Structure formats: C-alpha cells, structure tokens
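Student: I would like to go through the wording used for this structure. For each term, please set the value against the definition.

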Amino acid sequence: MDLKPEEHPKGSFILIMIFFITFSLFYLLNWKYLSEIWLVG
Amino acid sequence: MSSWNYRTCPTTGFKVHNKAETLIQFNAVTSIVFLLVGGIVGLTLALTRWQAVHLLNDEWFYRFLSLHGIAMLVAWIVFFEMAVLYFASAVILNSRLAAPWVGWLQYLLMLVGGALVAVMILTGNADVMFTSYVPLKAHHLYYLGIILFAVGAILGCVVFFATLVVAKHEKTYTGSLPLVTFGAAAAAIIAIITLSAGAIVFIPTWLWAAGIIPVMDSEVYRLLFWGFGHSSQQINVAAMVSIWYLLATLTVGAVPLNEKVCRTAFVLYILFICIASEHHLLVDPGFSAAHKTWNTGYFMHLAVLASMIHAFSVPAATEVALRKQGHTRGAFEWLKKAPWGNPGFSSLVLSVVGFGFLGGITGVIYGTEQINIIAHNNLRIPGHFHATVVAGTTMAFMGITWYMLPLMFRRQVVAPKLASLQPWLFGGGMMMFSTAMMFAGGFGVSRRSWDMNGVDGPFQVNFGPIVDLSLAVMGISGVVAALGGAIFCLLAVATLLFGKKVNA
C-alpha cells in the first residue's frame with residue numbers, strides 16, 4: 001500500500017512500543033519474583 | 001442456482017443465501033442463550049469468591065463452576081463461531097451454503113449435546129468442573145453430550161470448507177480468499193485438530209464412565225484433554241482476530257497494510273498454536289524439563305509472533321484509514337477523532353487491549369516453564385484467561401453482533417445510546433476483574449477453591465487485607481461486567497423482537 005508521509009501509522013508504532021516495554025517489564029518482574037521465592041544455591 | 005434463494009444487503013452489498021442466513025440466525029441466538037446462562041452463573045461465582053459475600057455453598061459453587069466453564073468456554077463461543085464460519089464463507093463470498101442439511105445436523109447435535117451437558121451438571125451428575133480430570137467421574141451422559149457437541153462442531157467446519165469449494169467452483173469471487181475468510185479457515189483447521197483431540201479423549205472416558213472400560217490413565221487423560229481444552233481457545237484466537245479485521249473494515253473502512261504478512265501470521269497460528277496447550281502440563285511429571293523448556297520457551301513464541309503481527313497490523317490499518325479521512329495531526333489525532341460512540345469500534349479497541357495487554361502478556365509469561373511454578377493453579381491463571389477469552393474474544397464477538405443484527409436479522413439495534421455504553425461496562429469491568437484476579441493470585445490465592453483459607457482443612461491459610469481488597473475489587477468489577485453482559489443480551493433480544501425492520 002502506497003502511503004503519503006502524513007498517513008504513516010506513527011501512533012500505532014508508539015502504542016506497540018509501549019506494549020513491548022510493558023511486556024518486557026512484566027517478564028522481568030516475574031523472573032525477579034521467582035528468584036526471590038525459589039532460591040538456588 | 002435459483003435467484004429466490006438470495007437477497008442483497010442494501011448496506012454491504014453482500015448477496016445472502018437464505019439458508020445460510022437462517023443457520024447463522026439460529027446459531028447466533030443459541031450462543032446468546034448460553035452466554036446468558038453462563039453469565040448469570042458467573043456472577044454468582046464472582047460473588048462467592050468475594051469473601052465478604054461468599055454467596056454459594058460449596059456444593060453449588062463447584063456445580064456452577066462446571067456449568068460456567070462449559071457454557072462460556074465452549075457453548076457460547078463455539079455456537080457463535082459456527083455463525084462466523086457460515087458468515088465468512090457463504091455471505092462474504094456471495095455463495096450458497098454447501099449442504100445446508102449438514103449445517104442443521106451440526107446445529108441439532110450441538111444443541112442436544114450442550115443441553116445434555118447442562119442438565120447433567122445441574123442435576124448433580126457431573127460436579128467435575130470444566131476439566132473433568134480423571135479419576136473424577138461424571139455420569140456417562142455428560143461425556144456423551146460433549147462428544148455430540150464436538151461432532152456437531154466438526155460438521156460445521158466441514159460445511160464451511162465445502163462452501164469454500166462451492167464458491168471457488170461457481171466463481172462467486174475472484175482472486176485470493178478475503179482475509180476474514182482466510183482467518184476463519186485458519187480457525188476451522190485449528191477446530192478440526194482440537195475437536196479430534198476432544199473425540200480421542202472423551203470417547204474412552206465416556207466408555208469408562210459407562211463401565212465398559214475398567215480404568216482411565218489420569219496422566220494420559222490430562223495430555224489429551226488439553227489438546228481439546230486449550231486448543232479450543234486457540235480457535236477463538238483465530239476467529240477473534242478475523243473479526244478484528246472485519247470490525248476495523250466495517251467501522252472505519254480499514255484495509256490491512258500488508259495482507260501477505262497477515263495471512264502468514266494466520267499460518268503461524270495453524271502450525272504452532274496448538275503446541276502451546278502443553279503449558280497445562282508444566283508441573284506434571286510426564287515430560288522432561290528440556291521438552292517443556294523447548295516447548296514453552298521457544299516453539300510457542302512462533303505463535304506469539306503471529307499475535308504480535310496482528311497486534312500491529314490491526315491498529316495500524318485502523319490508523320491509516322482514519323488518517324486518510326484527514327485526521328493527520330500529530331501521532332494520535334486519529335485516535336481522538338475515532339468513532340468511540342460506535343459500539344463496534346469501542347468493542348474492537350477494548351478487545352485488542354484486553355487480549356493483547358492483559359491476556360497476551362500474562363499468558364506468555366505464566367506459560368513459561370520456570371515462571372509457571374509460581375502461577376500454576378492460583379488465581380493468576382483464570383485472571384489471564386478471563387482477559388483473553390472474555391475481555392478479548394467475547395468482547396469482539398459482542399462488537400460484531402451490532403453489525404450482525406441489521407445484516408443477518410434485518411433489524412435496527414434498539415437503544416443505540418445504551419449499545420454504545422455496553423462495551424465500556426463489559427470490557428472495562430472485565431479488565432478490572434481480570435487484573436484484580438491476577439493480583440490476588442500473585443499472593444497465592446488458589447483458583448477453583450470455595451474455601452481459600454482452608455477453614456475445614458487440616459491447616460489454615462490466612463491472607464492479608466490486600467487480598468480481601470483484591471477480591472472485593474474482583475467482585476465489584478464482576479458485577480459491572482455482568483451488567484454490561486446483561487445489557488448486551490437485553491438489547492440483542494429486544495432488537496430481534498422490537499427492532500425496526502431494515503428493508504432488503
């Protein structure tokens with residue numbers, strides 16, 4: 001699809017980046033939570 | 001092909017085969033009846049898990065939990081999916097429905113099977129919950145009901161594929177299958193895999209319950225059951241994403257930026273999504289740790305990749321469509337100027353957010369082999385799947401219903417202002433409900449438990465006030481969501497009975 005510059009989906013890209021960062025933070029948070037209750041060594 | 005079998009929709013221009021239309025109507029109405037039953041029962045369950053209310057006694061709690069699972073996870077959704085399959089084949093392709101009598105057989109088998117299961121549960125003959133884990137044993141008619149339902153659904157998929165063949169043969173469309181139909185085809189393929197697993201597990205279990213087979217292996221049962229139990233939710237995912245594209249087109253005229261990529265994502269679902277079912281077995285002894293890690297840490301992410309593609313493609317298509325209408329200022333003017341008062345559009349957005357942010361993120365994380373050990377069997381899990389199946393799939397199905405009513409039932413929706421409020425009540429309530437549930441689960445509150453403190457058990461567990469607060473929020477938001485669900489059912493029925501006729 002040919003798009004004019006003002007038609008590019010910039011907003012969706014930002015929303016997806018927010019989604020991706022949320023995903024990463026929640027993933028790390030859960031690993032941290034796991035490491036605190038399941039001590040190794 | 002005689003012309004009296006068709007009418008042309010004045011809004012969409014679709015040529016609608018009358019036999020397909022009748023089947024769509026019956027399946028859609030029946031699905032809403034099951035939604036109503038499951039919703040009422042679900043409300044009583046939320047008010048029981050809210051410890052300050054604790055509405056039901058233990059016997060009825062587990063009975064209603066069984067009914068809630070079957071009515072919502074299976075009956076409401078699969079009946080609606082049958083309507084979607086017939087719509088995505090016969091209506092979208094302007095074709096006649098292949099073998100409508102098989103469609104009626106599908107409907108009757110699913111209706112009899114669903115009713116049989118509900119009666120067995122309500123009469124106390126199947127207090128085995130949705131999973132019916134062996135060696136819990138229900139009355140053999142309960143398993144027969146599930147088998148009949150599954151066979152009926154397989155027949156629906158057969159009619160769908162046969163209609164694709166008919167449409168191709170009779171040249172009712174040109175070029176490739178439309179994306180919505182392609183997505184529905186992906187859902188139907190996953191459905192056949194899923195329902196076959198259901199038949200493989202439930203036929204011997206039925207014979208075992210009837211006393212013909214002496215023993216069922218509980219580990220094998222769990223393995224095969226989840227081939228049915230979780231994969232059935234993957235049918236929902238594919239069907240829901242198809243409806244996202246349809247809603248984006250119907251509400252703002254969106255066109256996917258790159259159809260090939262979207263189609264590839266659906267193929268990824270077909271190839272990889274069913275193996276995600278194995279995360280239910282992560283604490284079982286059967287598989288090795290390496291197998292579980294490969295499955296949930298690597299292969300499953302190929303299906304997650306598909307969801308990521310759709311998660312960008314749907315909002316991007318919507319954004320481009322709105323920008324083409326002139327809403328080009330800054331990064332988010334299109335979002336501000338979007339048709340938020342249209343229940344189809346708000347349902348689409350709430351469904352994408354509920355499914356993606358809440359359900360998707362938590363699903364991938366809780367399904368990871370290592371992390372699963374701190375989430376397994378606590379309230380985090382139902383919190384996750386209420387986000388995917390209810391805030392995601394159900395919300396999307398409700399959204400498309402506002403278009404199905406004028407298109408397939410030829411009635412204008414009554415009380416449109418109330419209809420535009422409905423997604424916010426239902427979607428907002430369910431998102432809060434799921435979040436509160438996951439929060440309580442983070443503190444170790446068990447799922448499927450009437451007595452979470454172990455009052456009558458050998459030892460007691462005391463949770464802090466934060467858990468009481470979470471469960472209260474869960475209960476209150478459950479009431480809000482139930483109100484949204486009740487408005488949906490009320491408006492759907494009122495539209496069918498009193499809605500102004502749309503001329504075709």
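Tutor: Two residues are in contact if their C-beta atoms, placed from the backbone, lie within 7 Å. By that test, in this predicted model, 21 residues of chain A are in contact with 21 residues of chain B. The side of chain A that touches chain B has 14 nonpolar, 4 polar and 3 charged residues.

Student: What makes chain B as compact as a globular protein of that length?

Tutor: The globule rule gives 23 Å for 504 residues, and the radius of gyration of chain B is 22 Å; the two values are close, so chain B is as compact as a globular protein of that length. Its C-alpha atoms fill a box of roughly 70 × 60 × 50 Å along the principal axes. The secondary structure of chain B consists of 15 helices and 2 strands. Of its 504 residues, 56% count as buried. Among contacts in chain B between residues at least 6 apart in sequence, 85% join residues at least 24 apart.

Student: Which residues of α1(A) and α11(B) make the contact?

Tutor: From α1(A) they are A:Phe19, A:Thr22, A:Phe23, A:Phe26, A:Tyr27 and A:Asn30, and from α11(B) they are B:Gly356, B:Phe357, B:Ile361 and B:Ile365. By class, this contact has 7 nonpolar, 3 polar and no charged residues.

Student: What makes α11(B) and α14(B) roughly parallel?

Tutor: Helix α14 of chain B spans residues 416-442, and its axis and that of α11(B) come within 8 Å and cross at roughly 10°. The cut-off is 35 degrees, and angles under it count as roughly parallel, so α11(B) is roughly parallel to α14(B). On the α11(B) side the residues that meet α14(B) include B:Leu350, B:Gly354 and B:Leu358, and on the α14(B) side they include B:Trp424, B:Gly427 and B:Met431. The contact of α11(B) with α14(B) divides into 9 nonpolar, 9 polar and no charged residues.

Student: How do you know whether B:Leu195 is buried or exposed?

Tutor: A residue is buried if 20 or more other C-beta atoms lie within 10 Å of its own. B:Leu195 has 26 within that distance, so it is buried. B:Leu195 sits in helix α5 of chain B, residues 179-209. Apart from neighbours within four places in sequence, B:Leu195 is in contact with B:Ala150, B:Ala153 and B:Ile154. B:Phe149, 46 residues away in sequence, lies 9.4 Å from B:Leu195, C-alpha to C-alpha.

Student: Why is B:Gln412 called partly exposed?

Tutor: Exposed needs 12 or fewer C-beta neighbours and buried 20 or more. B:Gln412 has 14 inside 10 Å, so it counts as partly exposed. B:Gln412 lies in the loop between α13 (380-408) and α14 of chain B. Beyond four places in sequence, B:Gln412 is in contact with B:Pro406, B:Gly499, B:Lys500 and B:Val502.

Conventions
Residues numbered from 1 in each chain as written. Chains lettered and ligands numbered in written order. Predicted model: local features only at pLDDT ≥ 70, side-chain atom pairs only at ≥ 80, totals over all residues. Helix = DSSP H or I, 4+ residues; strand = E, 2+ residues; numbered from the N terminus. Rg over C-alpha atoms; globule rule 2.2 N^0.38 Å. Nonpolar A, V, L, I, M, F, W, Y, C, P; charged D, E, K, R; others polar. Axes fitted to C-alpha atoms, helices over the stretch in contact; angles between N-to-C directions. Parallel < 35°, antiparallel > 145°, perpendicular 65-115°, else oblique.
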